Amino acid sequence: MAIGKFVKGIAAALVATVLGTAAMAEYPEKPITMIIPLGAGGSHDLNARVIASVLPSYLGQPVIVQLMPGSAGQIGTSAAAQAPADGYTILFTQNFIDQLQQHVAELPYDPNGDFVAVARTNFAAPSVIVKSDSEFGSIEDLVAHSKANPGSVKFGHSGNWGAFMVPGALLFNAAGTMPTMVPHKGGGPAMQALLAGDVDVSMAFNSVIDSQAGAVKALVSVAPETQIDGVPTTSEAGLDGVDAVGIMHRVVLVRRDTPPEVVSKLREAFAAMTEDKTYKNLLKKLGENNVYMDGAEYDSVRAEQAESYKALVTALTGG
Amino acid sequence: MKQDLSQQPEKRGVAPSTLSLVYGGVACLAAWLFVLIPGQVGKPVTLFGAAPDGLAPDAMPRYVLLAIIGIASIGAVTSFRDSKERIAVPGPAVILTCVASFVFAAILVPLGFVLASALTVVLLAVYLGGRHPVGLALSGFLVPLTIYLIFTRVLHISLPPGLAGF
Amino acid sequence: MWGELFSGLEMILRLDTVAMTAAGLVLGIFVGSLPGFTTVMAMAVLLPISFFLDPLVGIPFLIGVYKGGIYGGSIPAILIGVPGTGASVATTFDGPALTKQGKSKKALEMALYASVFGDMASSIFTIFLIGPIALLAMRIGPPELAVVLALSMAIIAATSSTSLTKGLFMLFIGMFIALVGQDPVHGVNRFTFDIFALQAGIDLLPMIIGLFAIPEILLAVEDKVSRVRATKPEGESLTLDELKASRRTILRSTAMGGGIGAIPGVGQVVAAFMGYAAAKRASAHPETFGQGDLDGVAAPEAANNAVNGPTMVPLLTLGIPGDNITAILLGAFVAQGLRPGPQLFSTDAAVIYALLGSMVIACLLLLVLGKLLIPVFAKVVSIPKAYMVPLTLVFAVAGTYVYRSNPMDLVFLMAFGLFGYGARKLAFDVTPLVMGFILMGPFEYAVSQTLSLSQGNVAGYVASERPVTLILLALIVAGLLFMIFRRKSGQSAVSA
């Protein structure tokens, strides 16, 4: 009985392969797996759930979310790099995993050689925050204090080479001082450490700052445009070269050697999805923006990021 | 289980007990890993030339391995003269089940969840004495297929599709 | 407070809320009962459904999934010895033994009653003490957490094993296994031997399924005679006297679970093990633990569910999720336009009480649904072992794989399976290994953070800025002395 099934399976697989190559134009003809190189329950997971519930109506096939956390995103990314280049495996990642990891770790893949961008679905801009009753009223106060007492300011971030550590290091580096860096396991624990007074300064995204209802105040936003009324951006505060590389981009990638018609089909589907009412509504509810950038455009941003992160890592590590 | 072991008191003078051999083996393994620390634990990235704050990456491995060596040595010495426990040799069914799980783990991804489960369940069930065709069909095909469809189609969680191709 | 409490309760006493909570419970029980499919996974998958529902329907729905998932995890733990989730590992110590004695129905019912009681008591406790719990959670920073974690490890090593040497030996091995892979603080590789798949480290799920399920499967096939016959029937229902006999255990576990829940970063798995260890120590007949004692099911189940109430506190009062489950709930809140945190608490306290109230309602519904579903699940034991063993194996292996689709996990699963089988043969208890493994990561992280925060002067920093750490340290020393004393007198009592 098992053998019969086995032979049938092989036959079915053969037929599928033959038909599959013949009918490539009809991509997609089976469910698409979206790999997330991060764990369950994080903001990336939440964004992915929204995408997975809306994208199928534009692709005509279900989207299966596959969480592959570990090794600062390397596990999931390398799995996506090893999957067949048929467009049935896409990677939903962010720029620090995508472009920064190559400068701080030995990777079994080459981010720019192996992947091409399908879309940047949105971005998140962090702001430097302190407790509302903090003695620091502005980023200048903080920098001056840190310069006068080197190492006395404790900066709590969400993990080494993560979405707060990188812009934080960039920003303080531009200001010419460096606080004591205290890593936390994610943004939540970092915020708790700030509220409890364990650390003096931290970073957070807007939606989180809003929910703290005046318990924290923002000093400066790492973004090209004003994020919170009355809070300067980094370039307004005289800190140059921080905003372009310090914000977090959520991006969808596929293997570079995927057939071009498959890539363009995916790009079209994502472009159409960002106009979807339900999608917009859900993202808005999550407190995320919907500033879409198409894959081709974002690919040039990735090339720039690779350069600036290389410079950043060299500057930070002193080598 | 514990009673089974203590039912076989068999005093032997000099030969070490199984337990103390296990302790000794682990102590040696830990010592070997301890020697490997410099090569197996990476150096943290320095920030502006200064070593980063916090615990060095090789600190905990050193403490823990030393603790293992210590406690395993104590264990080896204290259990050396224990009665030589007779450990039951695993029967053929146990070994075959072990092999079956290794094989299932190996074929799960290439063959896919449904095919690999069908093969493993049917063959192992027949070996263990399940001969009823309905039982075999239910446990070998219907259950894996239902699970597969519910998880990939309804809940959008991926299971290896493999050769069956769906 | 009373006014807000009552208006909160009024908001959720509606038919659609109750119906969706029940639906969430059933879905959660189903997903949780399959090994490898964690409660977090079930919640993440079902989260988008809640986006389209009214807040006071959607969030109770997810709370239902959450509670159903935790109870669901203990069903395979009792019936086939495969823990569905980490929280149900301690339930595999006595659950399967009861099933073998033909008492699976009693065990499932005990798990249900203990879970519901633990959960409900902790939810109610949380409603009234939300302020103090929030204050306590804020006081627990890295130094305090490091001390609490060290204490937990010491307690488990000392209490769970037959001998202290064996317990410490397993604890240290578990601690070492946790160090393999990428170091969480600096991101450097440790003991990966240049194998890429090892960089992600070894995960808890392959470890617990391997250590607890595979040996159970191997021991089941060892016994040749019983293979063809159906196992024992599901047996009788739990009697009121049996439930009464476990009341002290349930109360103790609930108190312990609630206390552990108030400390961020420790969690359900630890609570279950601690509850079990405490029940065994306090029992008049500790030798029956592990051989099929109803107290051995009641203790971990009450403890792991009692964690639930207090873990919601940082989420509701500060808007900070303490774990993945509360992170998903935060997503659901935010998607509904509710931003948990100090603001929501001052402006919409009624909503918060409504949600806490819905946790209590979910418990009551779980009691009813569990009662209805137990006979269905208990039928599993009537499947002949010849079919059940291969199916269990398939679930154990496939469940490990789906968890994060890493083929390396299958290698770990089998390695831990053989390790667990060997450990049982040599009368080693693997619980300290699992505890050392779970707690080592957070412990190292907390120690490292403490060193960063103290800027090189740990003693001075702790003495001047962390009085709570000092109090906890004093408690540990006192506790260990007490335990050593108790152990000595206990041993002499046994030998006398």
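Chain A has a mean pLDDT of 82, with 90% of its residues at 70 or more. This is a predicted model, so I start with confidence in chain A before turning to the fold. The lowest mean in chain A, 42, belongs to helix α1, residues 2-22, while strand β10, residues 248-255, has the highest at 93. For residues 1-25 of chain A, pLDDT stays below 50, and this stretch makes 20 contacts in the model beyond near neighbours in sequence. Where pLDDT is low, the predicted coordinates should not be read in detail.

Staying with chain A, the secondary structure amounts to 14 helices and 11 strands. The chain has 319 residues, and 55% of them count as buried. Take the contacts in chain A between residues at least 6 apart in sequence: 77% of these join residues at least 24 apart.

One helix in this chain deserves a slide. Helix α2 of chain A covers residues 43-54, which is 12 residues. From first C-alpha to last it reaches 17 Å, close to the 16 Å expected at 1.5 Å a residue. Is α2(A) enclosed or open to the outside? Its 12 residues out of 12 are buried, so the helix is largely enclosed by the rest of the structure. The buried residues include His44(A), Asp45(A) and Arg49(A), along with Leu46(A), Val50(A) and Ile51(A).

Next, the nonpolar core. The largest one has 324 residues, and those with the most contacts inside it are Met34(A), Met43(C), Leu62(C) and Val397(C). Helix α17 of chain C, residues 349-378, supplies the largest share of this core, with 17 residues. As background, in soluble globular proteins, nonpolar side chains tend to be buried together. What does Leu62(C) touch, leaving out residues up to four places away in sequence? The answer is Gly24(C), Met43(C), Leu46(C), Leu47(C), Ser50(C), Leu329(C) and Ala332(C).

Now the contact between chains B and C. It takes 60 residues from chain B and 52 from chain C. On the chain B side, the elements giving two or more residues are α1 (2-6), α2 (18-40), α3 (59-78), α4 (92-111), α5 (113-127) and α6. That side divides into 40 nonpolar, 17 polar and 3 charged residues.

Helix α6 of chain B, one of those elements, runs over residues 133-154. With 22 residues, α6(B) reaches 29 Å from its first C-alpha to its last, close to the 32 Å expected at 1.5 Å a residue. There is a kink of about 30 degrees at Leu142(B), shortly before the proline Pro144(B). Pro144(B) is buried, as are Leu136(B), Ser139(B), Gly140(B), Ile147(B), Tyr148(B), Phe151(B) and Thr152(B). An α-helix has 3.6 residues a turn, so residues three or four places apart point the same way.

Last, two backbone angles in chain C. Phe193(C) is not a glycine, yet its phi is positive, near 50 degrees. Phe193(C) sits in the loop between β2 (189-190) and α9 (204-222), and it is exposed, having 10 other C-beta atoms within 10 Å. Ala427(C) also has a positive phi in a residue other than glycine, near 60 degrees. Its loop lies between α19 (407-425) and α20 (431-454) of chain C. Ala427(C) counts as partly exposed, with 17 C-beta neighbours inside 10 Å.

How values were computed:
Residues are numbered from 1 along each chain as its sequence is written. Chains are lettered from A and ligands numbered from 1 in the order in which they are written. This is a predicted model: local features need pLDDT of at least 70, side-chain atom pairs count only at pLDDT 80 or more; totals for chains, interfaces and linings use all residues. Helices (H or I, at least four residues) and strands (E, at least two) are DSSP runs, numbered from the N terminus. A residue is buried if 20 or more other C-beta atoms lie within 10 Å of its own, exposed if 12 or fewer, and partly exposed in between; C-beta atoms are placed from the backbone. The expected span of a helix is 1.5 Å times one less than its number of residues. The bend at a residue is the angle between axes fitted to the seven residues ending there and the seven starting there. Two residues are in contact if their C-beta atoms, placed from the backbone, lie within 7 Å. A nonpolar core is a set of buried Ala, Val, Leu, Ile, Met, Phe, Trp, Tyr and Cys residues joined through C-beta atoms within 7 Å. Ala, Val, Leu, Ile, Met, Phe, Trp, Tyr, Cys and Pro count as nonpolar, Asp, Glu, Lys and Arg as charged, and the others, Gly among them, as polar. pLDDT is the predictor's confidence in each residue, from 0 to 100.
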